[in-house]
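I opened this model to take notes on its contacts, strands and backbone.

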Amino acid sequence: MRFLVILLFGFLIGASGSNTHHGAPHWGYSGDGSPEHWGDLMDEFRTCKYGKNQSPIDIAQTTKSTLQKPIFDYKNSPKELINNGHTLQVNFNPGSTITFQNKKFELLQMHFHTPSEYTFDKKHYPMVAHLVHKASDGELLVLAIMFDKGDENPVIKQIWAPIKAGESKKLANLAISDLVKNLQSYIKLDGSLTTPPCSEGVIWLINHGNAFASDEQIKFFTNIIGHNNRPIQDINGRKILEISK
């Protein structure tokens, strides 16, 4: 139970990027609150410094697995777009799920980073979307979709809007299923949230080579948020599995 409480706390603070404790130290991506200082900002963030399964990592070698691809059941159920000062985030109403290894996870929110946090052979992608899911027992699964530069992405076009830090905007429509319909293979590993408190025990599914966004769309995000990627962390002997069936 203590693990689930810590993990849920990690989601509420880390995934949303907001501080809910009055007077809590500000974390960010530069200056005194930059990633190298996260673990020293407060006791609840110590995992950022001392954790052994931290995200992101560089993916250089993978092992083929017999794991089955995730099964998507996404609905057109967006709730709102928010700018929480750390990212642009889409919150979803209940109803969209992903099933992985016979376990169902509900889609809670999607947020973005530029450049990508995970790297492949030390190469960043220009942008990544993190789709955060939670199972009924509290376990988290994050699907990372890497975007390369290419044609305009019609799903992102439905999301992007001028929005200042602290503001929100209702979203009436979002064809979220279109974002995952062309995904073909995945990397699976165990990791953590990539923002404080960096809680571990998170399942990561990472797709690359199947999604594109225009240079203008990537610049739109960067102009609002700036670069917001956590540096690469130690692998510490973790298995990196390849899913292609």
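My entries follow, topic by topic.

**Ground rules**

I am working from a predicted model, so local features need pLDDT of at least 70, side-chain atom pairs count only at pLDDT 80 or more, and totals for chains, interfaces and linings use all residues. Residues are numbered from 1 along each chain as its sequence is written, and side-chain values use heavy atoms, with hydrogens and water left out.

**Histidine 130**

I looked up histidine 130 and found it in strand E9, residues 127-134. Helices (H or I, at least four residues) and strands (E, at least two) are DSSP runs, numbered from the N terminus. Is histidine 130 buried or exposed? It counts as buried, at 2% relative accessibility. I use buried for under 20% relative accessible area, exposed for over 50%, and partly exposed for in between (1.4 Å probe, protein chains only).

Which side chain makes a polar contact with the side chain of histidine 130? It is that of histidine 113, at 3.5 Å. A polar contact is a pair of N or O atoms within 3.5 Å; within protein, one must be able to donate a hydrogen and the other to accept it, and residues adjacent in sequence count only if both atoms are side-chain atoms. I then listed what histidine 130 touches, not counting residues up to four places away in sequence; among them are His111, His113, Glu117, Thr194 and Trp204. Contact here means heavy atoms within 4.5 Å.

**Nonpolar cores**

I checked the largest nonpolar core next. It has 42 residues, and Met110, Phe112 and Phe147 touch the most other members. A nonpolar core is a set of buried Ala, Val, Leu, Ile, Met, Phe, Trp, Tyr and Cys residues joined through side-chain atoms within 4.5 Å. Leaving aside neighbours within four places in sequence, phenylalanine 112 is in contact with residues including Leu88, Val128, Phe147, Ile156, Trp160 and Phe221. A second, separate core has 18 residues, including Val128, Ala144, Ile206 and Ile240. In soluble globular proteins, nonpolar side chains tend to be buried together.

**Strand E4 and its partners**

I followed E4 (residues 78-83) to E5 (residues 88-92): the two run antiparallel and are joined by 5 bridges. Two strands pair if DSSP finds at least two bridges between them. E4 also pairs with E11 (residues 168-170), again antiparallel, over 3 bridges. Glutamate 80 has a bridge partner in each: asparagine 91 in E5 and lysine 170 in E11. The hairpin of E4 and E5 has 4 residues between the strands, and there glycine 85 takes a positive phi near 95°.

**The disulfide**

How many disulfides does the structure hold? I found 1. A disulfide is a pair of cysteine sulfur atoms within 2.5 Å. This one joins cysteine 48 to cysteine 198, S to S 2.1 Å. The torsion about the S-S bond is about 90°, so the disulfide is right-handed. It links distant parts of the chain, 150 residues apart: cysteine 48 is in helix H3 (residues 47-50), and cysteine 198 is in the loop between E12 (186-192) and E13 (200-207). Both cysteine 48 and cysteine 198 are buried.

**Aromatic pairs**

I counted 10 aromatic pairs. Tryptophan 27 and tyrosine 29 have ring centres 6.0 Å apart and planes at 75°, so the pair is edge-to-face. Rings of Phe, Tyr and Trp (its six-membered ring) pair if their centres lie within 6.5 Å; planes under 30 degrees apart count as stacked, over 60 as edge-to-face and the rest as tilted. Tryptophan 27 is buried at 0% relative accessibility, while tyrosine 29 is partly exposed at 21%.

Tryptophan 160 and phenylalanine 220 are stacked, 6.1 Å centre to centre with 20° between the planes. Tryptophan 160 lies in the loop between H4 (154-159) and E11 and phenylalanine 220 in H6 (residues 215-225), so the pair ties together parts 60 residues apart in sequence. Phe112, Trp160, Phe220 and Phe221 form one aromatic cluster.

**Backbone notes**

Most residues other than glycine have a negative phi, and most peptide bonds are trans. I noted a cis bond between serine 55 and proline 56, with omega about 5°. The bond from threonine 114 to proline 115 is also cis, with omega near -10°. Asparagine 102 has a positive phi of about 65° and is exposed at 81% relative accessibility. Cysteine 198 has a positive phi too, near 60°.
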